[in-house]
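Let's take a walk through a protein fold together.

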Amino acid sequence: MSLPDSAPIIELIEAFRRSKTMFTAVSMGIFDLLHNSPNTAAALSAQLATHPVALEQLLDACAALGLLAKRDAIYSLTQIAETYLCGSSPYSLDGYIRYSDEALYPMWGRLADAVREGAPRWNQVFGVEGAIFSGFFRTEEAKQTFMRGMHGLGLTVSPKVVEAFDLSPFRRMVDVGGGTGHLTISACRRWPDLRGVVFDLPGVTPMAREMVEQAGLSRRIETIDGDFFTGDLPQGDLYALGRILHDWTGEKCVALLRKIRHRLPSGGALLIMEKLLAEDGVGPLSANLQSLNMLAVTEGQERSLAQYTSLLQSSGFQNVQGRTTGAWLDALLARPVGQALWPAQ
């Protein structure tokens with residue numbers, strides 16, 4: 001009997017070791033230290049007060065993963081680490097990596113309980129409810145680090161999303177729950193006649209203002225404080241939801257979508273940025289894994305185009321179009337019922 005190749009199973013067994021290696025190096029500040037100057041394991045060990053041989057093992061593993069280069073016992077950053085793992089980079093994922101290590105990794109350890117109960121693991125693991133900003137991030141610095149990481153992640157995908165459809169007819173985009181404003185920034189860069197509003201909680205908008213200013217778009221993008229479930233939405237002719245709907249149950253999604261529908265003027269539309277599942281629920285793999293992440297962390301899940309279409313139609317939208325972007329997230333566009341349909345593209 002010929003046995004199937006065991007390599008895929010072995011890779012899955014080892015997968016968490018790879019991510020934890022990177023998580024650990026980020027949490028120890030290794031990439032930031034090497035950003036300043038390449039160095040030896042002994043010198044880094046003295047700076048970090050670690051066991052020298054153990055640190056060398058970690059550095060060598062990072063080199064094997066392609067995150068570091070090693071030459072004549074001196075370690076330096078590779079381009080990918082310089083871009084995504086250094087806190088000083090505008091594209092840094094440092095904050096999201098730390099959040100993955102400190103929050104997601106422990107909660108994924110309770111995934112079986114999440115599957116049994118169909119509920120997130122915040123209370124079980126940390127003794128807090130699932131309100132991320134008020135519960136898990138106990139310091140302002142921790143929240144800021146997380147948000148910067150999410151901004152870096154957003155800058156890698158938002159440009160693709162805002163190019164998925166022709167947004168030139170619109171004049172004012174309201175980014176509902178817009179976080180640091182990466183989607184609005186990308187939209188205004190791509191569509192020069194568009195102005196934007198980042199609408200989010202008062203604890204979030206200061207960083208959005210900072211990112212907008214850094215992007216040189218303060219004259220075209222404003223920030224407005226508010227809660228999209230309980231407060232009034234700013235007026236616009238294009239609303240955007242970037243990674244919002246996947247956090248919530250279908251009922252809460254419909255409530256928010258209906259709220260947006262009632263605010264849309266004639267000729268308005270809704271842009272959604274989410275990860276689309278295949279119609280049979282199998283694939284792409286990143287969408288399935290993210291859906292499990294939503295199970296462990298939120299009330300929501302990832303959905304297929306048909307599932308989003310159903311939610312939108314239940315909320316007064318029609319002619320829903322979906323586009324896979326080739327990036328980590330995809331795009332949908334819909335108009336309210338009663339408006340002219342989109343021309344074929």
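Which residue in β3 is the bridge partner of Asn39? It's Tyr75. Before we go on, keep in mind that you're looking at a predicted model.

So what does that pair belong to? Strand β1 and strand β3, which covers residues 74-77, run antiparallel to each other and are joined over 2 bridges. They are part of an open sheet of 3 strands, lined up as β1-β3-β2 with antiparallel pairing. At the edges sit β1 (39-40) and β2 (68-71), each of them pairing on one side only. Now look for helix α4, residues 52-64: this helix packs on the sheet and touches β2 and β3. Its direction makes about 110° with that of β2.

Next, find Thr21, which is in helix α1 (residues 7-27). Is Thr21 buried or exposed? Residues count as buried under 20% relative accessible area, and Thr21 has 16%, so it is buried. Setting aside residues up to four places away in sequence, Thr21 touches Leu58, Ala61, Cys62 and Leu65.

Let's move to what's packed inside. In soluble globular proteins, nonpolar side chains tend to be buried together. Here, the largest nonpolar core has 44 residues, and the ones with the most contacts inside it are Phe31, Leu59, Leu68 and Tyr99. Helix α6 (residues 94-108) gives the most to this core, with 6 residues. Pick out Leu59 and look around it. Leaving aside neighbours within four places in sequence, Leu59 is in contact with Ile30, Ala41, Leu44, Leu68 and Tyr75.

Now for another sheet. How many strands does the open sheet with mixed pairing have? It has 7, in the order β6-β5-β4-β7-β8-β12-β11. The edge strands here are β6 (221-225) and β11 (317-323), and each pairs on one side only. If you look across the sheet, the twist averages 20° from one strand to the next. Zoom in on strand β8 (residues 269-274) and strand β12 (residues 330-336): they pair in the antiparallel sense over 5 bridges. Within that pairing, Leu270 stands opposite Ala334 in β12. This sheet has a helix packed on it too, namely α15 (residues 305-314), which touches β8, β11 and β12. The direction of α15 makes about 155° with that of β11.

A few spots in the backbone deserve a visit. Start with Arg243, in the loop between β7 (238-242) and α13 (250-263). Arg243 has a positive phi of about 55° although it isn't a glycine. Is its side of the story buried or exposed? With a relative accessible area of 15%, Arg243 is buried. Asn319, in strand β11, also isn't a glycine and has a positive phi, near 45°. Asn319 has a relative accessible area of 26%, so it counts as partly exposed. Then there's Pro284, in the loop between β9 (276-277) and α14 (285-297). The peptide bond leading from Gly283 to Pro284 is cis, with omega near -10°.

Finally, zoom out to the whole protein. You'll find 15 helices and 12 strands. The radius of gyration is 22 Å, close to the 20 Å that the globule rule gives for 345 residues, so the protein is as compact as a globular protein of that length. Its C-alpha atoms fill a box of roughly 70 × 60 × 40 Å along the principal axes. Of the 345 residues, 46% count as buried. As for contacts with a separation of 6 or more, 65% of them come from residues 24 or more positions apart.

Notes:
Residues numbered from 1 in each chain as written. Predicted model: local features only at pLDDT ≥ 70, side-chain atom pairs only at ≥ 80, totals over all residues. Heavy atoms only, no water. Pairing = 2+ DSSP bridges. Helix = DSSP H or I, 4+ residues; strand = E, 2+ residues; numbered from the N terminus. Contact = heavy atoms within 4.5 Å. Axes fitted to C-alpha atoms, helices over the stretch in contact; angles between N-to-C directions. Buried < 20%, exposed > 50% of the residue type's maximum accessible area, 1.4 Å probe, protein only. Rg over C-alpha atoms; globule rule 2.2 N^0.38 Å. Core = buried A, V, L, I, M, F, W, Y, C linked by side-chain atoms within 4.5 Å.
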